[in-house]
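Here is a short briefing to read alongside your structure.

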Amino acid sequence: MRERHLLSDEAIRSFIVDGYVQVRADFPNGFHQSVYEQIEMLMKGQGNPGNNLLPILPDIQKVYSHPAVTGALSSLLGPNYIMHPHRYCHLNSPGSKDQNWHKDDYVFDKNIRHHRYRWVMAFYYPQDVSEDMGPTGLLPGKQFNNQISDDHASLATESACSLSGEAGTVSIVNFDVWHRATPNLSEKKRYMLKFNFLRVEEPDMPSWDHSEPAWQPVENDRHDGLSNSVWHWLRGSNNGATGTVGKSEVRPLVEKLIDRDEHEDARLDYAYELACCNEAVLPLLVAALKEEAIQTADKNVEKSPSNVGGGNPSDLYTAHALSAIGEPAVPLLMDLLKKDEWPIRAAASGILGNIGPAARNAAPALAENLGHANWWVRRNAAEALGTIGSIGGKGIPELNHLLEDDTEPVARNAAIAIGKIAQPTDGAVDALRNLLSHENRYTRFHASVALKRLGTPEAMEVLVDNLFAARWCPITTNKAPY
């Protein structure tokens, strides 16, 4: 039943290009109305419960476990995806005003916005939503852009769409989409439940209903080379890049790639044109990477509509080109892990992680950077090791020490990495046990995921003991305390 609901090649291509796909959890009559009524009672009785939405209203899990939804999520993120603990019930009341265009941050984790997406958001409507009810709006095809014409909806010139639909509609969107709540011009409330889902394993084969290996261009695709690269990454194959960039054109293209006066759309295209040159362009690209990393580090961490919580310094145009080239770039990137300038080390770590398992030779050098004085280097190196995965069937013990790091994103990414690698090392379970009482709720969650994925008897005992000790009862209130 689940396999019959896998996405088609056409749907995957559409998601890559436009940044979203819609499916429907078609339950018997009355189910979604019941969910709607439960939400109404909850919001009137105690207000918005935030992350506790799911345990209070467990029927919502039925929506995200529906074969149409699990099939789509498996197609996009692989069969072992996980649900993130951050979720929220968005109410758009009658008479609401425009919301500005923005991108969500990665729940305080400050991820690099890679084109190889590893997170998605899923928006569920428990009632029929028409365009006048203030559905979620988004900018199709702009998920790879860090800038748009204007974040004020009335001034933006990009083409937008509204994610309307009947009750049970679930819109699965690239985490990096520009989106907003549109004004509710009706007399009805509009509820939207937002959940996040994460990939924990790099693709080694297509996870959807796949039959056409070659990338098929999509009408109105702004960046065919980028889309082609993402398609082949999802297939678990090489980058599939083809191009006709002449030798004399390489240096001018590299210079344009890091020229901040160039239009962003052009720079995105330059990155994937250069990726077609493979080894021939590597020395120039690496030199440009060093320049771009140092020049833009401070600017990239600033808060903006595309990074409302602040960005990662290693979100670079040269990084996209080097990631698309892949394994041939690994030796030169490993050399950068020895540089004195922290922005260069952080950037090289981010690219090696984005390359994934093909960069496994860089694991020892990345492990050495886990002790670097700058926390961005430690954070990006930990994330990279998790994405690269198990090295020779072994875990990476150096990550255990990072679980005690004073900087939250560093400790959290160490836990995420251990969970992705899923190979126990001495001391890992004890270190994760301590993290289960961390002050940050998301760090606690990722420690739990890591224990589950390690799966040893010791890890499972720690996990189950913590589950019982932390059990929270959704029907226990001050009116019904026992």
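Let's start with Trp208: in this predicted model, its relative accessibility is 4%, and because buried means under 20%, Trp208 counts as buried. Trp231 is buried too, with a relative accessible area of 0%. These two residues make a handy entry point, since their rings form a pair.

**The tryptophan pair**

- The structure holds 14 aromatic pairs.
- In the pair formed by Trp208 and Trp231, the ring centres are 5.4 Å apart and the planes meet at 55°, so the pair is tilted.
- Where do the two partners sit? Trp208 belongs to the loop between β8 (190-198) and α6 (224-234), while Trp231 is in helix α6, so the pair ties together parts that are 23 residues apart in sequence.

**A ring cluster and Phe197**

- Ring pairs also join Tyr64, Tyr81, Phe195 and Phe197 into a cluster.
- Phe197 is found in strand β8.
- Is Phe197 buried or exposed? Its relative accessibility is 1%, so Phe197 counts as buried.
- Setting aside neighbours within four places in sequence, Phe197 is in contact with several residues, among them the cluster members Tyr64 and Tyr81.
- The contacts of Phe197 also include Leu73, Leu77, Ile82 and Met83, as well as Arg118, Trp119, Val120 and Ala122.
- Take Leu77 as an example: Phe197 and Leu77 are 120 residues apart in sequence, yet their C-alpha atoms are 8.2 Å apart in space.

**The fold as a whole**

- The chain has 19 helices and eight strands.
- For 482 residues, a compact globule would have a radius of gyration near 23 Å, and the chain agrees with that at 23 Å.
- Along the principal axes, the C-alpha atoms fill a box of roughly 70 × 55 × 45 Å.
- Of the contacts in the chain with a separation of 6 or more, 79% come from residues 24 or more positions apart.

- How many of the 482 residues count as buried? The share is 58%.
- The chain exposes about 21,000 Å², and carbon and sulfur atoms supply 49% of that area.

Methods
Residues numbered from 1 in each chain as written. Predicted model: local features only at pLDDT ≥ 70, side-chain atom pairs only at ≥ 80, totals over all residues. Heavy atoms only, no water. Helix = DSSP H or I, 4+ residues; strand = E, 2+ residues; numbered from the N terminus. Rg over C-alpha atoms; globule rule 2.2 N^0.38 Å. Buried < 20%, exposed > 50% of the residue type's maximum accessible area, 1.4 Å probe, protein only. Contact = heavy atoms within 4.5 Å. Areas by Shrake-Rupley, 256 points an atom, 1.4 Å probe, with all protein chains shown as cover. Phe/Tyr/Trp six-rings, centres within 6.5 Å; stacked < 30°, edge-to-face > 60°.
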